[in-house]
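User: Could you walk me through this model? I'd like to start with how the chains meet.

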Amino acid sequence: MKTILLSIVVLGVLGAVFGAILAFAAKVFHVEVDPREAAIRECLAGANCGGCGYPGCDGYAKAVAAGQAPTNKCVASGPEAAAKIAEIMGVSGGAAVKQVAHVACSGASDVAEPRFNYSGPEDCRGAMLFGGKGSKWCTFACVGLGNCARACQFDAMHVENGVAKVDRSKCVGCGACVEACPKSIVKLIPESQVIMPACSSKDKGAQLMKICKVGCIGCMKCQRECPADAIVVTDNLARVDVDKCVQCGHCADVCPRKIIDFFG
Amino acid sequence: MLSSILAISLGAILTNNFIFSQFLGICPFLGCSSKVDTATGMGLAVVFVMGLASAICWVIDTYILIPLGLAFLETLAFILVIASLVQFVEMFLKKSVPSLYEALGIYLPLITTNCAVLGVVLLNVQNNYNFLESVVYGITGGIGFMLAIVLFASVRERIQFADYPENFEGFPICLVSAALVALAFMGFSGMQIF
């Protein structure tokens with residue numbers, strides 16, 4: 001009994017002594033943290049999405065407070081937050097250009113010819129191990145197993161009918177899905193850009209007709225009709241020049257395949 | 001006296017090197033050895049902690065635990081000392097050398113669980129060292145650790161430019177080269193000084 005009590009007392013006293021020394025040391029070696037850092041952190045969305053290119057919201061807040069990062073890098077928390085951060089830092093910031101994700105594929109399972117039935121782990125990379133490019137004949141098509149949807153922290157990405165779809169009202173443009181897509185068919189576009197061909201196929205038209213009912217066949221009708229010369233067909237695929245596009249939506253109307261997304 | 005201290009020092013640094021002969025402290029040895037600068041910082045932190053831990057632990061053991069018949073509490077009390085010391089070093093580095101603090105990262109608090117530190121204080125007790133011998137063993141043990149980690153970091157910096165099979169990329173080639181460095185240190189074993 002005596003030994004037990006003695007042990008408790010000795011260790012207790014030792015612990016208390018070391019604790020006191022550490023408490024004292026904490027005072028002596030106290031490091032001033034930039035108060036702006038905490039204030040900036042408060043303004044951020046806190047999703048740690050990494051869209052700004054820094055390791056998490058803390059990392060970004062630190063970089064801004066140190067003056068190493070612009071105040072408008074956080075697209076997830078919106079322009080108001082950017083303005084607030086600029087105010088904290090005492091600079092005029094200008095809001096971040098809001099971007100949204102766009103899936104360049106419309107190959108839903110009822111329009112894209114299937115090559116095989118995949119039953120395995122719900123992972124695009126997993127499905128791509130078979131035959132190289134997933135279960136659709138089109139080698140450029142969305143695999144449709146939702147790597148992007150799982151990467152999205154804002155519930156803005158869903159797989160519908162075998163192809164990924166973006167909910168533009170929820171998307172904050174962090175780019176997590178762009179990173180996650182093994183086919184690299186998800187891209188970030190400015191939110192003001194309301195026209196975008198939803199296809200990535202570089203196959204020749206005749207070839208593509210056999211395997212996809214909607215894909216871009218490179219007929220060049222949009223290129224001829226565009227009033228601003230903003231849409232050009234290269235490698236059998238229509239591409240929009242964001243800087244030239246006037247968002248009229250004419251190309252979407254004339255497209256015989258109705259493959260151009262128009263969010264107007 | 002002097003000869004025993006010299007023998008202890010050379011033993012701790014070369015023949016009985018903590019990493020290469022006793023295989024203690026392997027975790028920071030592999031984790032913190034990708035750059036020579038970081039390795040040197042880690043080594044210095046370990047020298048400091050090992051030396052101070054040896055001194056404090058010897059005093060606590062000799063004047064508190066053994067007289068009270070509480071020698072069985074050694075391990076527990078030593079861990080308490082080491083943990084406090086590491087906390088102290090962490091605060092000190094955060095204040096004075098922030099760049100080193102960032103570079104060491106998670107491995108700094110991990111010195112707490114670095115078995116080489118606990119190993120050195122327990123070996124002091126086992127070998128019945130007196131105060132001076134304990135401190136010398138602690139510091140030279142730390143220097144041995146630093147020698148090993150800095151040497152190995154230099155090797156690893158060169159490995160980056162070496163042409164080795166792709167399958168060995170990362171930790172495998174690291175372990176192979178660690179084994180080779182350890183083999184080189186075996187050359188010191190059996191070395192007699194006095």
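User: How many salt bridges are there between chain A and chain B?

Analyst: The count between chain A and chain B is 0 salt bridges, bearing in mind that this is a predicted model.

User: And how many residue pairs are in polar contact there?

Analyst: Between chain A and chain B there is 1 residue pair in polar contact, with both residues at pLDDT 80 or more.

User: OK, how much area do the two chains bury, and on which atoms?

Analyst: Chain A and chain B bury about 1,500 Å² between them, and 87% of that lies on carbon and sulfur atoms. On the chain A side, the residues that lose the most area to chain B are A:Phe18, A:Leu22 and A:Phe29, which together account for 37% of what that side buries.

User: Switching to helix packing, at what angle do α1(A) and α3(B) pack?

Analyst: α1(A) and α3(B), the latter being residues 36-65 of chain B, pack at about 145° with their axes 13 Å apart, and α1(A) passes α3(B) in a right-handed crossing.

User: Which residues make that contact?

Analyst: From α1(A) they are A:Val10, A:Leu14 and A:Phe18, while α3(B) contributes B:Ile56, B:Ile60, B:Ile64 and B:Leu65; by class, the residues of this contact are 7 nonpolar, no polar and no charged.

Terms used
Residues are numbered from 1 along each chain as its sequence is written. Chains are lettered from A and ligands numbered from 1 in the order in which they are written. This is a predicted model: local features need pLDDT of at least 70, side-chain atom pairs count only at pLDDT 80 or more; totals for chains, interfaces and linings use all residues. Side-chain values use heavy atoms; hydrogens and water are left out. Buried area is the accessible area (1.4 Å probe) that two parts lose on being put together, summed over both. A salt bridge is a side-chain nitrogen of Lys or Arg within 4 Å of a carboxyl oxygen of Asp or Glu. A polar contact is a pair of N or O atoms within 3.5 Å; within protein, one must be able to donate a hydrogen and the other to accept it, and residues adjacent in sequence count only if both atoms are side-chain atoms. Axes are lines fitted to C-alpha atoms, for helices over the stretch in contact, and angles run from 0 to 180 degrees between N-to-C directions. Helices (H or I, at least four residues) and strands (E, at least two) are DSSP runs, numbered from the N terminus. A crossing is left-handed if the near helix is turned anticlockwise from the far one by less than a right angle, and right-handed if clockwise. Contact means heavy atoms within 4.5 Å. Ala, Val, Leu, Ile, Met, Phe, Trp, Tyr, Cys and Pro count as nonpolar, Asp, Glu, Lys and Arg as charged, and the others, Gly among them, as polar.
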